[in-house]
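Please look at the sequence and the model below. This short report covers the sheet, the backbone and the surface.

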Amino acid sequence: MQNNKDIIIELNKELSSLTDLTSIDQLEVKYLGRKGLINKLLQKIKDVPVNKKKAYGQKINQLKNEVKRIIKIKKLELTNNKTDEFFDATLPGKPYPRGSLHLITSTVEKISKTFQRIGFIRMSYPEVEWEYFSFDSLNMPPDHPARDDFETLFIDVPPAPKLGKMILSPHTSSGQVREMWRCGRPPIRMVSIAKCYRPNWDTTHTPMFHQFESLCIDKNITITNLKASINYFVKEYFGEDYQARLRPFHFQFTEPSFEVDITCSICKGKGTIGHQKCKVCKSGWLELAGAGMVHHNVLIEGKINPEIYNGWAFAFGLERLIMIKIGLNNMRLLYDGDIRFLEQF
Ligand code: DAH
């Protein structure tokens, strides 16, 4: 029998002179058709000794596949090189779909710029943190409920002396004492926008979320400074019609402490729509952030003399800011990666 290699050489030789699809079809019949070369070779299998039939069959199959492949490539070459189609070079090109920044990213940039304008510097601190910076340095006792494993994610490594267990930072406040150590001597004007982690998953919580924290330490800092800074941010982010208010609250690391509310955008701060209570806020205000005057003990942990300096701190949840601004009722939409939602912004 003729060698496979010789048959392929022959086929290539014949193909090289062909320039139209019809003659390639004819050549295909000559090799692969019912009465074609390959089938003829296959029929000869009956004359092959039993112990060689298998090898013979395999050889013919290899040949068949190779012939099919070569013919297919030649056909593709011919169809791709067609030059008789009219090509209009004056038609405008197809525009590429335009991407946009994710809502979280554009909000981070916006907040960064807003604070840069009033002299705050943007800082980053570790997301994989020690208990010390997230809790102890912030005046939180060892039995504080936030340190439970259903509030904080712990990493399975041995604890370090003084620093405690390794965790994923549950809030941006972990940067406060780190910043005091880094800076050494006030004034401090810091903003940190970062990922935080807590084991929660529902329509208003995702296990990874963002907060932005601001810390200001200097001489003679007052609650008035705190309120003015929050008001400045709220008006920059939401618009001039919005108001912020401070409502007394309790945090371990600030004294006094406040929760920050802003005017509800649905009822415009009235608390009612017509004769009915506003279903979104019930009171005219929406809770938005935690804030306060930095606690004496936190300043001491930060190696800052509380007799000379004092300061304020606050933190907003980024996703909540976005949800209120665009009227979103499911936070998970921000992380589902559904292009139909994302491309609207
Ligand atoms: N870290 C607090 C939380 O995640 C929020 C907070 C409250 C931050 C008061 C502050 C503050 O800086 O002063 O719930």
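G292 has A313 as its bridge partner in strand 11. This is a predicted model. Strand 10 (residues 285–294) and strand 11 run antiparallel and are joined by five bridges.

How much of strand 11 is buried? Six of the eight residues in strand 11 (residues 310–317) are buried, so the strand is mostly covered. The cut-off for buried is under 20% relative accessible area.

Seven strands make up an open sheet with mixed pairing, in the order 1-4-5-11-10-7-6. Strands of a sheet pair through backbone hydrogen bonds, either parallel or antiparallel. Strand 6 pairs with strand 7 (residues 254–263) in the antiparallel sense, over seven bridges. Across that pairing, R245 stands opposite D261 in strand 7.

**Backbone details**

Strand 7 also holds P256. The peptide bond between E255 and P256 is cis. Another cis bond runs from P186 to P187. P187 sits in the loop between helix 7 (175–183) and strand 4 (188–197).

Two lysines have a positive phi although neither is a glycine. The table lists the backbone angles.

| Site | Feature | Angle |
|---|---|---|
| P186 to P187 | cis peptide bond | omega near 10° |
| E255 to P256 | cis peptide bond | omega about -5° |
| K162 | positive phi | phi about 70° |
| K303 | positive phi | phi about 60° |

K162 is in the loop between helix 6 (131–134) and strand 3 (166–168). K303 is in the loop between helix 9 (296–301) and strand 11. Are these two lysines buried or exposed? K162 has a relative accessible area of 81%, so K162 is exposed. K303 is at 62% relative accessibility and therefore counts as exposed. The cut-off for exposed is over 50%.

**A nonpolar surface patch**

Which residues form the nonpolar patch on the surface? They are I266, I273 and V280, with about 270 Å² of accessible area together. I273 belongs to strand 8 (residues 272–273). I273 has a relative accessible area of 46%, so I273 is partly exposed.

**Domains**

The domain assignment of the protein chain gives domain 1 (4–83) and domain 2 (103–342). The C-alpha centres of domain 1 and domain 2 are 72 Å apart.

Terms used. Residues numbered from 1 in each chain as written. Predicted model: local features only at pLDDT ≥ 70, side-chain atom pairs only at ≥ 80, totals over all residues. Heavy atoms only, no water. Patch = residues over 30% accessible without salt bridge, like charges linked within 9 Å, V, L, I, M, F, W, Y side chains within 5 Å. Areas by Shrake-Rupley, 256 points an atom, 1.4 Å probe, with all protein chains shown as cover. Salt bridge = Lys/Arg side-chain N within 4 Å of Asp/Glu carboxyl O. Helix = DSSP H or I, 4+ residues; strand = E, 2+ residues; numbered from the N terminus. Buried < 20%, exposed > 50% of the residue type's maximum accessible area, 1.4 Å probe, protein only. Domains from an automatic or database assignment. Pairing = 2+ DSSP bridges.
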